[in-house]
Amino acid sequence: MTKIFKMGPSPHIRTKETVEKVMYDVIIALIPAFLAAIYFFGVRAITVTGVSVLSCIVTEFLCQKIMRQEVSIFDGSAIITGILYAFVIPPYISLVYVIIGAVVSIALGKMVFGGLGQNIFNPALVGRAFVQASWPVAITTFMYDGKAGATVLDAVKRGMISDGISGASVVGKSMTTTNILIAVDNLKLDSFLGKMGGCLGETSALAVLIGGIYLIYKKQIDWKVPVIMIGTVFIGALIAGYNPIVQIFSGGLFLGAFFMATDMVTSPQTSKGRVIFAFGIGVLVSLIRFKGGYPEGVAYSILIMNGVVPLINKYVNPKVFGRDKK
């Protein structure tokens, strides 16, 4: 009888949306990136993603049992965390680190705060940050087509290749201007399609974009967040003297913008707040990439701004219905 009259805090809004529907819409949106990962990295993409998802589900089940909560491992949230964590790590990383990161993502990134809807930080990025702090070499060793090497962002930052603007000693001194332009065009195309080394689900900006458009169409995310975040990095690259096209298509910017910065739990409640949030992430990514020693920066930028969300929610409030302006 008590369950019938159980009611949450106001406002009470009637909607056909359920947690499961939202979560499985996100899972559907991640399918193009998953298929691209299988195309570029083969069976390993399935193995890493499967191990990550299974580890997240088992960890959440155990945590809910220990905390005496209702078991809800199939609401889709643990599955999404597992997929996203797998997508932000190298495909050939040891499966031991995959399991450890997935356990940390759920246990420390989500359940320690009380479970679904109560976590402050994006769980998948908490797991990635933990593994990166603990085993930095393992999580920054990338392979593509059987060869180990630097990512595009790292290679451009260290001057190993040219992005057509910032220049590089390797390309700039040994190739004609025409050949450099062709190489840069190929670099842009490869960055967009995903034909490069990198994290499992980040490499293909095209695949992530398809999934992001699906979420916008289903009205599951606010389109302003990815647009402002990506646009800020684009402008930051121009100011810093880097090729903005290469910068926005490379690394985890698209995945972070469409699937992590738009997380309902860890992003601001208001539209204006989300604009500030997205702009802040874009600025931090630009500072880390162009002025710091690290070539990427999306994960840490989102985690930092996750910590600022309570402050944004406090000071960026919607007008209360029925109240006069002061």
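I began inside helix α1 (residues 19-41), where Asp 25 and Lys 21 are four residues apart, which means about one helical turn between them. For helices I took DSSP runs of H or I with at least four residues, for strands runs of E with at least two, numbered from the N terminus. An α-helix has 3.6 residues a turn, so residues three or four places apart point the same way.

Asp 25 and Lys 21 form a salt bridge, with 3.8 Å between the closest N and O atoms. My cut-off for a salt bridge is a side-chain nitrogen of Lys or Arg within 4 Å of a carboxyl oxygen of Asp or Glu. I then looked up the cover: Asp 25 is buried at 5% relative accessible area, whereas Lys 21 is partly exposed at 37%. Here buried is under 20% relative accessible area, exposed is over 50%, and partly exposed is in between (1.4 Å probe, protein chains only).

A note on the source: this is a predicted model, where local features need pLDDT of at least 70 and side-chain atom pairs count only at pLDDT 80 or more, while totals for chains, interfaces and linings use all residues. Residues are numbered from 1 along each chain as its sequence is written, and side-chain values use heavy atoms, with hydrogens and water left out.

How many salt bridges does the structure hold? I found five.

Next I turned to Asp 222, which is buried at 13% relative accessibility. Its side chain meets that of Lys 224 in a salt bridge at 3.1 Å, N to O, and Lys 224 is partly exposed at 22%. Asp 222 also forms a salt bridge with Arg 274, the closest N and O atoms being 3.0 Å apart. This second pair links distant parts of the chain, 52 residues apart: Arg 274 sits in helix α14 (residues 271-291), Asp 222 in the loop between α10 (205-217) and α11 (224-240). Through shared partners, Asp 222, Lys 224 and Arg 274 join into one network.

Is helix α13 (residues 253-260) mostly covered or mostly open? Mostly covered, I noted: eight of its eight residues are buried. Among them are Phe 254, Phe 258, Phe 259 and Met 260.

Last, I checked the whole chain. I counted 15 helices and two strands, and 48% of the 326 residues are buried.
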